[in-house]
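Student: I have a complex open on my screen and would like to talk it through with you. Could we go through the contacts between chains, and then the folds?

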Amino acid sequence: MRDLTQDLVELIRLTACDLPLPVEARLRAALQNEEPGSAAQTALAAILKNIKISRQNSTPICQDTGTPAFYIKYPAGLDIQELKKQILSAVENATQCAYLRPNAVDPLSGINSGNNLGGDFFPDLHFQISEQGDFSIDLLLKGGGCENVGRQYSLPDETLSANRDLEGVRQCVLDAVYQAQGFGCAPGFLGIAIGGDRGTSYLAAKETFLQDPNIHHSDQKIAALEERITSEANELGIGPMGFGGRSTVLGTQITSAYRLPASYFVSISYMCWAYRHRKMTVLEDHVIYE
Amino acid sequence: MSPITKEAALEYHKLNGLPGKISVTPTKPLDTQQDLGLAYTPGVAYPVLEIEKDPNLAYEYTDKGNLVAVITNGTAILGLGDRGALASKPVMEGKSVLFKKFADLDSIDIEVNTHDPEKVIAVVEAIGSSFGGINLEDIKSPECFYIEKILQSKLDIPVFHDDQHGTAIILGAALLNALEISGKKIDQIKIVFSGAGAAALASAYHFVKIGVPRENIWMCDIKGLVYHGRKEEMFPEKEFFAQGDRPATLTEVIDGADVFIGLSVANIVTPEMLKRMGASPVIFPMANPDPEIKFDLAREARPDAMIGTGRSDFPNQINNLLGFPFIFRGALDVRASAINDEMKIAASNALSKLTKEPVPQDVLKAYGLEHLEFGRDYIVPKPLDRRVCLWEAPAVAQAAMESGVARIQVDLEDYRDQLKKRLNLE
Amino acid sequence: MIKHLTLPIEKEEIRKLTVGDTVLLSGVILTARDMAHKWLVDTFITKTSPASKEDIQIKDRIIAIAAKSLIYHCGPVVTKKADGKYQFTAAGPTTSLREEPYEAEVIEFLDLRGVIGKGGMGARTLNACQAAPAVYFHAVGGAASLIAQCVTEVLDVYKLEFGIPEAIWTIRVKDLPVIVTMDSNGQSLHSQIRETSHSALKKLIR
């Protein structure tokens with residue numbers, strides 16, 4: 001396969017420095033909704049200014065560039081070993097260019113590797129073969145602040161009186177948003193997975209951020225629940241940065257995963273306002289970025 | 001009223017050999033050498049140094065506390081569109097003059113010659129401290145939303161785009177009164193807009209703040225319904241109100257609506273469309289100079305409706321003049337750092353309450369009416385009702401004090417008396 | 001209301017600040033996060049780790065800068081310019097609550113007038129703010145490029161062995177936008193919002 005390293009560095013640069021327009025649009029609308037003279041308005045105005053500056057100067061939107069999570073769809077026969085090498089090289093390269101902050105810390109020694117590479121899970125690579133022969137790479141950057149306020153519930157949950165149904169799900173999610181307060185850099189986005197085991201549940205919740213935030217769930221009942229959760233989360237009044245205000249959650253996406261009869265997990269992945277997701281589609285002799 | 005012709009208008013602007021509509025008047029004696037020495041050098045150095053030490057003293061030693069800048073870049077002049085900064089000057093002078101005439105606020109017009117929103121922001125941010133408040137005017141959508149919000153976060157004086165919020169506040173008052181008459185609840189009505197520009201969107205955002213669920217607001221513009229996934233003429237502030245994911249026409253959307261608000265163009269609403277609205281509908285076709293449907297036609301189609309337009313020759317004229325002079329008056333008199341939602345809602349409520357008071361003779365005379373009483377044909381005060389200031393400015397001042405944005409406190413009774421004196425309303 | 005404050009700053013100025021104030025900060029401050037806090041407390045306050053000669057030198061330099069000024073909870077992205085000087089390219093705040101076990105002592109030890117961070121801090125720090133006096137300045141989370149532009153000069157760096165994000169950087173800032181969320185009079189916006197959001201939650205889920 002050909003050398004995609006530079007294209008991958010560009011993917012990283014775009015993701016880290018150039019916030020997708022649909023996310024920026026939601027933040028603009030949120031600004032309009034906040035009270036003149038409020039701290040919430042000051043926060044959103046600063047955020048929007050920051051987005052512009054980062055895009056102009058190719059500097060990271062947020063200094064916590066997170067764990068780079070690559071989701072690769074590849075055609076059968078592709079040399080995955082080689083692709084993996086190129087991705088790791090691109091990550092190192094991008095770190096030298098300061099598009100990424102060195103974020104890989106050995107948990108046992110406490111030493112930062114310095115080049116954003118660390119063991120099997122840093123960066124985080126997910127390979128999936130494509131029957132149709134597609135070749136694309138999604139990159140998601142998600143920082144520690146919002147990662148720390150994700151939560152997983154096991155239903156039934158006694159303290160919330162939440163049962164194994166959609167009403168129980170709604171209760172868990174609102175509780176999670178309340179617990180998060182402003183720590184996840186609200187206004188945020190919610191990725192929710194119903195079902196799975198402890199591991200697949202969290203993974204599925206995070207993977208909802210690869211979807212178009214403007215597309216609702218295909219099941220009307222779930223789509224209505226997504227809307228309801230967003231609207232009710234905003235009624236908590238936590239606001240941007242937890243300063244109090246009207247925008248706490250800008251969107252909610254729900255997915256589900258088959259579960260064991262004995263388990264019923266609800267995983268909430270909390271994405272901050274800096275919802276950094278971009279996709280690179282690899283064609284014959286060039287690439288397209290979205 | 002005589003017809004407003006081009007000749008008459010141009011003549012007015014040159015009347016008595018005086019070009020334009022405003023001039024500046026000194027407020028201190030400048031007759032003797034002593035006066036000059038105090039007003040200018042060397043005396044003026046003292047207030048300069050005091051203000052440098054404490055910027056708040058600018059309110060004591062300069063006109064800042066009574067000065068509103070009317071600022072535009074000329075990109076959305078009335079119904080004329082983008083005609084450029086200089087061409088907008090007669091409109092801006094007119095706005096300044098209305099501030100002075102109706103609220104005794106000194107006002108100067110500033111036309112910023114740039115289309116770049118960042119430059120508009122930079123200019124206004126840099127000159128902001130000279131004023132007690134900034135009235136943004138005739139700046140085109142969608143930039144106007146962003147420009148206003150960013151300036152609000154940067155300046156510690158009110159920044160208020162009247163095209164957006166003036167309309168919203170008056171409409172809010174009219175809507176509340178109309179709903180009281182029809183007995184409908186604000187969280188259960190369907191509102192349909194024709195037009196999704198500055199006034200329409202600001203009004204929609206305002207309605208959400210006073211209790212209308214966002215899902216109950218439907219916006220239609222020149223491309224029809226604003227829906228999720230629409231590509232044409234879309235921007236973030238408009239997307240917030242997207243409904244469904246399929247196109248639809250105004251005719252389809254107005255079905256079952258309780259409220260129709262027109263901030264678009266003339267003659268696009270038919271009697272048949274109005275007939276499909278709910279019982280006791282509220283109909284506000286406000287396109288200028290000709291509404292979306294003529295008042296009489298609307299009245300004929302729906303005798304049970306409450307109808308308001310922007311025209312002075314029909315009942316329920318919804319005119320921004322009922323708002324901006326008195327909102328700024330109240331805000332500046334308590335040195336408010338912003339005109340926030342509480343103040344806007346207080347302004348709306350004051351107008352709404354005033355409409356329920358008995359109407360004095362001079363108002364009836366001014367409009368050639370025998371009788372006027374709160375009801376279908378009187379849901380908002382008349383623009384030339386001199387009581388508006390005494391109701392609205394104190395309400396705004398009170399809301400500023402209660403919501404923590406006022407930098408000085410006033411006793412409301414004293415304040416009302418002061419206003420009466422200031423505006424010769426004894 | 002927007003206030004401009006220049007560091008170093010006197011106690012009376014700090015007492016005047018209240019929760020909700022928007023402030024633009026200018027002057028020299030230093031960054032300090034998890035490892036720096038632990039090092040300061042372990043080495044000089046609880047003295048559970050021995051202090052080397054180098055440690056003491058660094059401590060003296062830091063005290064000189066920090067007195068009457070602020071620390072900033074931040075792990076920046078840093079590049080080197082052509083002239084060899086450092087530049088911050090991304091400098092948003094990190095979550096402050098992790099430093100809660102250390103902050104009260106550090107405020108006293110360094111004679112700080114406040115702390116800049118994200119997410120607020122707990123009761124111990126709130127009490128220390130009343131005593132010092134000091135305030136908590138909440139920076140806009142994630143506004144990395146905007147805040148980096150407010151860093152006009154990177155003066156020095158200590159404890160680089162902690163890694164770039166965890167090192168102690170001394171920087172000059174101009175008009176860094178922050179909101180006071182904990183003041184020196186015992187008020188905390190975070191407690192207020194936690195309360196109001198809790199009441200709202202109760203209404204929404206049984």
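Student: How many residues of chain C are in contact with chain A, and how many of chain A with chain C?
Tutor: Keeping in mind that this is a predicted model, 39 residues of chain C are in contact with 43 residues of chain A.

Student: Which helices and strands of chain C supply at least two residues each to that side?
Tutor: On the side of chain C that touches chain A, at least two residues each come from strand E4 (77–80), strand E5 (86–90), helix H6 (144–150), strand E9 (168–182) and helix H7 (189–204) of chain C. The most is given by H7(C), with ten residues.

Student: And how do the residues on that side divide into nonpolar, polar and charged?
Tutor: The side of chain C that touches chain A divides into 19 nonpolar, 18 polar and two charged residues.

Student: OK, over to chain B. How many of its residues are in contact with chain A?
Tutor: For chain B, 19 residues are in contact with 14 residues of chain A. Helix H7 (143–154) and helix H10 (236–239) of chain B each supply at least two residues of that side, and the largest share, six residues, comes from H7(B).

Student: Which domains does the assignment give for chain B?
Tutor: The domain assignment of chain B gives domain 1 (21–162), domain 2 (169–307) and domain 3 (320–422). Taken over C-alpha atoms, the centres of domain 1 and domain 2 of chain B are separated by 34 Å.

Student: How many residues does each of those two put into their contact?
Tutor: Domain 1 of chain B contributes six residues to the contact and domain 2 of chain B contributes five residues. The side of domain 1 of chain B that touches domain 2 of chain B divides into three nonpolar, three polar and no charged residues.

Student: I see a sheet in chain B. What is the strand order, and is the pairing parallel or antiparallel?
Tutor: The sheet is open and is formed by four strands of chain B in the order E2-E1-E3-E4, with parallel pairing. Its edge strands are strand E2 (106–111) and strand E4 (159–161) of chain B, each of which pairs on one side only, and neighbouring strands are turned by 25° against each other on average, direction ignored.

Student: How many bridges join E1 to E2 in chain B?
Tutor: Strand E1 (residues 67–72) of chain B is joined to E2(B) by six bridges, and the two strands run parallel. If you want a place to look along E2(B), Ile108(B) there stands opposite Ala69(B).

Student: Which strands does H5 of chain B lie across?
Tutor: Helix H5 (residues 89–103) of chain B lies across E1, E2 and strand E3 (133–136) of chain B, and runs at about 165° to E2(B). Helix H8 (residues 162–182) of chain B, on the other hand, lies across E3 and E4 of chain B, running at about 75° to E4(B).

Student: Back to chain C for a moment. How many helices and strands does it have?
Tutor: Chain C has seven helices and nine strands, and its C-alpha atoms fill a box of roughly 55 × 40 × 35 Å along the principal axes.

Student: What is its radius of gyration, and what would a compact globule have?
Tutor: The radius of gyration of chain C is 17 Å, which agrees with the value near 17 Å that a compact globule of 206 residues would have. Buried residues make up 50% of the 206 residues in chain C.

Methods:
Residues numbered from 1 in each chain as written. Chains lettered and ligands numbered in written order. Predicted model: local features only at pLDDT ≥ 70, side-chain atom pairs only at ≥ 80, totals over all residues. Contact = placed C-beta atoms within 7 Å. Nonpolar A, V, L, I, M, F, W, Y, C, P; charged D, E, K, R; others polar. Domains from an automatic or database assignment. Pairing = 2+ DSSP bridges. Axes fitted to C-alpha atoms, helices over the stretch in contact; angles between N-to-C directions. Rg over C-alpha atoms; globule rule 2.2 N^0.38 Å. Buried ≥ 20, exposed ≤ 12 C-beta atoms within 10 Å, placed from the backbone.
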